[in-house]
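Hello,

Here is the structure I promised to hand over. My notes follow below it.

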Amino acid sequence: MKELIVKDKRAKRRISYGYLWVYSNEVRNLKDFEEGETGILVDEKGDFLATAYINPHSLICARILSRKKVNPNIQFFENKLKKIVEYKKSIVDLNNSRIVFAEGDELPGFILDFYGGRVLSAQFNTMGAEKLSEPFLKAVEIVLGKFPVVIKNQSVFRGKENLEIEVKTKGEVPEEVEIEENGIKMLVPVLKGQKTGYYFDQRDNKKRFSEFANGEVLDLFSYIGGFGLHAAKSAEKVTFVDSSENAIEYCKKNMELNNFSNGEYYKLDAFKAIKIFKENGRNFDLISVDPPAFTKSRKTLDRAIKGYENLNREAFSLLKKGGIVFTMSCSRLVDINTFDRIIEKAVISSGVKLRVIGRLYQAKDHTVLPYMKETEYLKGLVLMRIK
Ligand SMILES: C[S@@+](CC[C@H](N)C(=O)[O-])C[C@H]1O[C@@H](n2cnc3c(N)ncnc32)[C@H](O)[C@@H]1O
């Protein structure tokens with residue numbers, strides 16, 4: 001394998017404590033490499049640092065696969081996957097989980113979710129991951145067994161690496177798979193749904209949401225209804241709002257599947273829905289605000305921050321006295337401190353008196369590495385309106 005020279009001392013130190021990215025201004029001979037080629041990272045003296053895959057056309061030009069000299073073949077992925085699976089089994093129900101969380105599980109660019117213990121959903125988000133997808137999937141079969149796989153290569157990050165947006169299947173992948181989450185049954189549209197199909201990252205937050213369920217519940221940005229369904233048993237009514245027709249159809253299907261008949265459905269922009277509720281004088285006892293990432297780039301961060309502020313200000317105005325709101329952001333670039341400031345401003349401008357009663361985080365199968373902050377993305381607050 002060819003050697004890529006890391007010239008930057010700080011980059012070398014970061015690699016030594018486990019950081020997985022190297023930037024294009026930190027290396028010397030990038031031109032020697034093809035997109036997605038595996039290589040060896042060495043320092044200026046030629047001493048070995050790590051094995052990585054390299055993309056000379058990406059700002060993050062190298063992503064580390066191992067701090068040992070390895071050949072990323074089936075055997076390599078098999079060994080890695082066995083360790084990851086053993087760990088994930090010890091913390092979550094593996095059959096309904098994110099088995100591989102890219103950088104978090106030290107497999108940069110690789111995502112693997114398991115639905116109902118029957119269907120696997122994968123994403124390859126970088127050129128390097130794409131090129132290594134075959135040995136990865138073969139190793140998956142060895143470690144987990146033979147299951148149909150949908151490859152949902154639809155992430156915006158693929159565009160940055162000159163990769164096509166596409167959905168492919170291996171084996172007979174059904175339209176939808178039934179899963180169970182905290183005792184709630186969910187039909188997941190694995191082929192046509194968003195991301196890999198479902199948001200396992202909110203598993204623990206949905207469970208907490210169910211603990212506050214009563215009266216009128218609003219699930220804003222509901223997708224297929226995860227938050228609302230968790231509240232439906234104890235609520236008088238659950239109102240689902242999502243701009244996607246398919247998502248709202250699945251909210252209905254999932255309410256039926258669990259024998260709940262207290263649903264109300266709006267295929268609508270969330271801001272428009274809030275306006276209608278305000279005009280009609282509707283208030284809620286429990287609200288979930290779980291918007292899509294408003295930005296994936298620093299260039300649009302300020303606009304995204306304003307967007308979150310406006311959204312939360314409006315959502316807070318719908319709360320009954322004593323009511324509770326779960327508000328979240330999955331934008332990686334909006335860190336916890338920034339999110340706190342957004343909520344502070346939104347509370348002040350809404351004129352609604354609220355107290356913070358809890359924090360929300362990504363579910364534990366979405367592994368966070370303390371020395372690689374980029375693995376942390378989902379954050380939120382639970383607020384209660386003061387009577
Ligand atoms: C992060 S996902 C929500 C996930 C869901 N709460 C869950 O836990 O399963 C964001 C959702 O917002 C929806 N969405 C995007 N823009 C919207 C808008 N302007 N108004 C309403 N929904 C929107 C998307 O269709 C998507 O289902």
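This is a predicted model: local features need pLDDT of at least 70, side-chain atom pairs count only at pLDDT 80 or more; totals for chains, interfaces and linings use all residues.

Four residue pairs make polar contact across the interface of domain 2 and domain 3, with both residues at pLDDT 80 or more. A polar contact here is a pair of N or O atoms within 3.5 Å; within protein, one must be able to donate a hydrogen and the other to accept it, and residues adjacent in sequence count only if both atoms are side-chain atoms.

Residues are numbered from 1 along each chain as its sequence is written, and side-chain values use heavy atoms, without hydrogens and water.

The domains are 3-66 (domain 1), 74-170 (domain 2) and 199-385 (domain 3), with bounds from an automatic or database domain assignment. In domain 2, 18 residues contact 13 residues of domain 3 (heavy atoms within 4.5 Å).

Now the ligand. Around it are 17 residues, and Gln 194, Asp 242, Asp 269, Ala 270 and Asp 290 come nearest (near means a heavy atom within 4 Å). A polar side-chain atom of Gln 194 sits 2.9 Å from a ligand oxygen. The side chain of Asp 290 has an N or O atom 2.7 Å from a ligand nitrogen. For Phe 221, a backbone N or O atom lies 3.2 Å from a nitrogen of the ligand.

Best wishes
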